[in-house]
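Q: Could you walk me through this structure, please? I am new to it.

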Amino acid sequence: MSLLWLSAALMAATAFVHGVLGERRLIGPLMMLDQGVMGVDLARRVFRLAWHALSLLMLVSAAAVIWPGTPRGLILLIGTAWTATGLFDAVYTRGRHIGWPFLTASGALALLGAA
């Protein structure tokens with residue numbers, strides 16, 4: 001059971017860092033642009049909403065992994081999705097995105113905890 005708690009803690013930490021650092025280093029600077037798609041108010045609002053909605057969904061994943069009675073199959077699905085996302089991120093960004101180890105580890109811990 002402790003592996004699931006570690007997974008959830010890492011997912012929650014990833015969500016927090018995603019929200020805070022993402023806002024500071026990506027979303028904020030993008031919102032200062034006023035050209036192309038970033039010149040469209042609705043696009044700017046949807047982009048920020050989607051960014052923070054993803055952080056919220058990370059927290060929901062964390063809660064689901066440790067929620068009493070969560071079916072093992074759902075934990076395996078969540079763990080697989082996080083692991084696959086992390087590995088894809090590593091390949092796609094050639095290891096330059098800081099999030100891939102945390103995504104991968106969160107998923108791997110969920111998979112190991114569900115085993």
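A: One term comes up throughout: contact means heavy atoms within 4.5 Å. This is a predicted model, in which local features need pLDDT of at least 70, side-chain atom pairs count only at pLDDT 80 or more, and totals for chains, interfaces and linings use all residues. Residues are numbered from 1 along each chain as its sequence is written, and side-chain values use heavy atoms, with hydrogens and water left out.

Q: Which residues does Ser55 touch, setting aside residues up to four places away in sequence?
A: Ser55 touches Ala15, His18 and Gly19. Its place is in helix H2; helices (H or I, at least four residues) and strands (E, at least two) are DSSP runs, numbered from the N terminus.

Q: Is Ser55 buried or exposed?
A: Ser55 has a relative accessible area of 8%, so it is buried. Buried means under 20% relative accessible area, exposed over 50% and partly exposed in between, with a 1.4 Å probe and protein chains only.

Q: And Arg48, where is that found?
A: Arg48 is also in helix H2. Its relative accessible area is 32%, which means that it is partly exposed. Leaving aside neighbours within four places in sequence, Arg48 is in contact with Glu23, Ile27, Gly28 and Met31. The C-alpha atoms of Arg48 and Met31 are separated by 8.6 Å, and the two residues are 17 residues apart along the chain.

Q: Now to H3. What distance separates its end C-alpha atoms?
A: They are 30 Å apart, which agrees with the 30 Å that the 21 residues of helix H3 (residues 72–92) should span at 1.5 Å a residue. The expected span is 1.5 Å times one less than the number of residues.

Q: Which residues of H3 are buried?
A: Ile75, Ile78, Gly79, Trp82, Thr83, Gly86, Asp89 and Ala90 are buried in H3. They lie on the same side of H3, because they cover an arc of only 125° around the axis. That arc is taken from the directions from the helix axis to the C-beta atoms. As a general rule, an α-helix has 3.6 residues a turn, so residues three or four places apart point the same way.

Q: What covers them?
A: The cover includes helix H1 (2–32), helix H2 (41–66) and helix H4 (100–114). On the face of H3 turned away from its buried side are the exposed residues Leu77, Phe88, Val91 and Tyr92.

Q: What is Leu111 in contact with?
A: Leu111, which is found in helix H4, touches Leu76, Gly79, Thr80 and Thr83, not counting residues up to four places away in sequence. At 26% relative accessibility, Leu111 counts as partly exposed.

Q: What follows H3?
A: Arg94 follows H3, in the loop between H3 and H4. Its phi is near 55°, a positive value in a residue other than glycine. In general, most residues other than glycine have a negative phi. Arg94 has a relative accessible area of 69%, so it is exposed.

Q: One last topic: how many residues come from H1 in the lining of the largest pocket?
A: H1 gives 9 residues, the largest share of that lining. The elements that give two or more residues to it are H1, H2, H3 and H4. The lining residues divide into 14 nonpolar, 7 polar and 2 charged. Here Ala, Val, Leu, Ile, Met, Phe, Trp, Tyr, Cys and Pro count as nonpolar, Asp, Glu, Lys and Arg as charged, and the others, Gly among them, as polar.
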